[in-house]
Amino acid sequence: MNHPHEDDLLLLAYGELPDAHTAELEGHLGACATCRGVFERFERSRVALEVAVPRARRWAARWVAAALAAAAVVAVVVLARPEPPRNPEDGWRPATAWSATAGYIAGGAAVVEIDAKLTRLEKERSYVLPN
């Protein structure tokens with residue numbers, strides 16, 4: 001006797017087997033105790049899953065997965081689109097914000113002088129002693 005594959009029994013337990021094959025498989029289950037035992041195990045597992053994870057929760061998980069997939073598609077479209085052409089006459093504009101370190105490295109004489117005065121002040125005895 002040829003036994004059906006376990007995948008077919010699982011599809012039958014979830015009601016997703018094509019109608020033509022369902023009648024043949026149900027006939028086999030009526031005659032074969034081994035296959036009937038496997039089918040009953042799948043049926044109990046399906047019922048336990050439906051109790052443990054309500055259908056609404058499973059739909060929510062599918063919607064979350066679909067939303068993540070849509071977000072990934074949007075990200076690819078946004079990141080892959082070409083930049084608009086730039087006008088070569090605009091040229092390069094330097095940054096207008098400066099930090100203290102950048103000003104010091106740029107070599108402003110006033111910055112170097114202030115730094116030297118602060119260093120001398122830190123070395124004086126009144127700076128080191130507590131009040």
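Me: Before we start, what should I know about the model and its numbering?
Reply: Residues are numbered from 1 along each chain as its sequence is written, and side-chain values use heavy atoms, with hydrogens and water left out. Because the model is predicted, local features need pLDDT of at least 70 and side-chain atom pairs count only at pLDDT 80 or more, while totals for chains, interfaces and linings use all residues.

Me: How many helices and strands does the protein have?
Reply: Helices (H or I, at least four residues) and strands (E, at least two) are DSSP runs, numbered from the N terminus. Here there are 7 helices and 0 strands, giving the pattern α-α-α-α-α-α-α along the sequence.

Me: At what angle do α1 and α2 pack?
Reply: An axis is a line fitted to C-alpha atoms, for helices over the stretch in contact, and the angle, from 0 to 180 degrees, is taken between N-to-C directions. Helix α1 (residues 6–13) and helix α2 (residues 19–31) pack at about 105 degrees, and their axes are 11 Å apart. The two are therefore roughly perpendicular (65 to 115 degrees; under 35 is roughly parallel, over 145 roughly antiparallel, the rest oblique).

Me: Which residues of α1 and α2 meet?
Reply: Contact means heavy atoms within 4.5 Å. From α1 come Asp8, Leu9 and Leu12, which meet His21, Thr22, Leu25, Glu26 and Leu29 of α2. Those residues divide into 4 nonpolar, 2 polar and 2 charged (nonpolar: Ala, Val, Leu, Ile, Met, Phe, Trp, Tyr, Cys and Pro; charged: Asp, Glu, Lys and Arg; polar: the others, Gly among them).

Me: Which residues form the largest nonpolar core?
Reply: In soluble globular proteins, nonpolar side chains tend to be buried together. A nonpolar core is a set of buried Ala, Val, Leu, Ile, Met, Phe, Trp, Tyr and Cys residues joined through side-chain atoms within 4.5 Å. Buried means under 20% relative accessible area, exposed over 50%, and partly exposed in between (1.4 Å probe, protein chains only). The largest core has 11 residues: Leu9, Leu12, Ala13, Leu17, Leu25, Leu29, Cys32, Cys35, Val38, Phe39 and Phe42. Beyond its neighbours within four places in sequence, Phe39 contacts Leu9, Leu12, Ala13 and Leu29.

Me: Is Arg46 buried or exposed?
Reply: Arg46, in helix α3, counts as buried, at 15% relative accessibility. Neighbours within four places aside, Arg46 is in contact with Ala13 and Tyr14.

Me: And what does Glu6 touch?
Reply: Glu6 lies in α1 and is partly exposed at 43% relative accessibility. Not counting residues up to four places away in sequence, Glu6 touches Val38, Arg41 and Phe42.
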